[in-house]
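Please examine the sequence and the structure shown below before reading further. The report that follows is written for a reader who is new to protein structure.

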Amino acid sequence: TQYSFSADPALKCAPEGFDLPIRDIRASLGAGFIYPLCGAMQTLPGLPTRPCFYDIDVDPETGDIVGLF
């Protein structure tokens, strides 16, 4: 929790002798590491190799933005 290094919200600060339940282990192969997921922790999707803004442009004749949809 934000108030404790443990998974128990009743234990404040830095308690000793607690178990941290790990529900899953994931690998970030491109980054070269693994990481545990604890409790209800959620993750965000990674970024693509090529950012989408490369496909967005302005048509010089009409002034319309192309590549957004």
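This report treats the overall form of the chain, then a few selected residues.

**The chain as a whole**

The model described here is predicted. Its protein chain contains 4 strands and 0 helices. In sequence order, these elements give the pattern β-β-β-β.

Of the contacts in the protein chain between residues at least 6 apart in sequence, 0% link residues at least 24 apart. Of the 69 residues, 6% count as buried. The protein chain has an accessible surface of about 6400 Å², and carbon and sulfur atoms account for 61% of that surface.

The charged side chains of the protein chain comprise 9 negative and 4 positive ones. Between the centres of these two sets there is a separation of 12 Å.

**Selected residues**

The table lists the relative accessibility of several residues.

| Residue | Relative accessibility | Class |
|---|---|---|
| Leu11 | 32% | partly exposed |
| Ile25 | 56% | exposed |
| Phe33 | 45% | partly exposed |
| Tyr35 | 23% | partly exposed |
| Ile65 | 54% | exposed |

Leu11 is found in the segment before strand E1, which covers residues 22–28. Leaving out residues up to four places away in sequence, Leu11 touches Ser4, Ser6 and Phe18. Leu11 is also 18 residues from Leu29 in sequence, and their C-alpha atoms are 35 Å apart in space.

Ile25 belongs to strand E1. Why is Ile25 classed as exposed? Ile25 counts as exposed because its relative accessibility is 56%, and the class begins over 50%. Even so, Ile25 has contacts beyond its sequence neighbours: with residues up to four places away not counted, Ile25 touches Ile34, Tyr35 and Pro36. Pro60 lies 35 residues from Ile25 along the chain, and 49 Å separates the C-alpha atoms of the two.

How many aromatic pairs does a search of the whole structure find? The search finds 2 aromatic pairs. One of them joins Phe33 and Tyr35, with ring centres 6.3 Å apart and an angle of 55° between the planes, and this pair is tilted. Phe33 is partly exposed, at 45% relative accessibility, and Tyr35 is likewise partly exposed, at 23%. Tyr35 is not classed as buried because its value is 23%, while buried means under 20%.

Ile65 is placed in strand E4, which consists of residues 65–66. With its neighbours within four places in sequence set aside, Ile65 is in contact with Ile56, Asp57 and Val58. Ile65 has a relative accessibility of 54% and therefore counts as exposed.

Technical notes: Residues numbered from 1 in each chain as written. Predicted model: local features only at pLDDT ≥ 70, side-chain atom pairs only at ≥ 80, totals over all residues. Heavy atoms only, no water. Helix = DSSP H or I, 4+ residues; strand = E, 2+ residues; numbered from the N terminus. Buried < 20%, exposed > 50% of the residue type's maximum accessible area, 1.4 Å probe, protein only. Contact = heavy atoms within 4.5 Å. Areas by Shrake-Rupley, 256 points an atom, 1.4 Å probe, with all protein chains shown as cover. Lys, Arg positive; Asp, Glu negative; His and termini not counted. Charge placed at Lys NZ, Arg CZ, Asp CG, Glu CD. Phe/Tyr/Trp six-rings, centres within 6.5 Å; stacked < 30°, edge-to-face > 60°.
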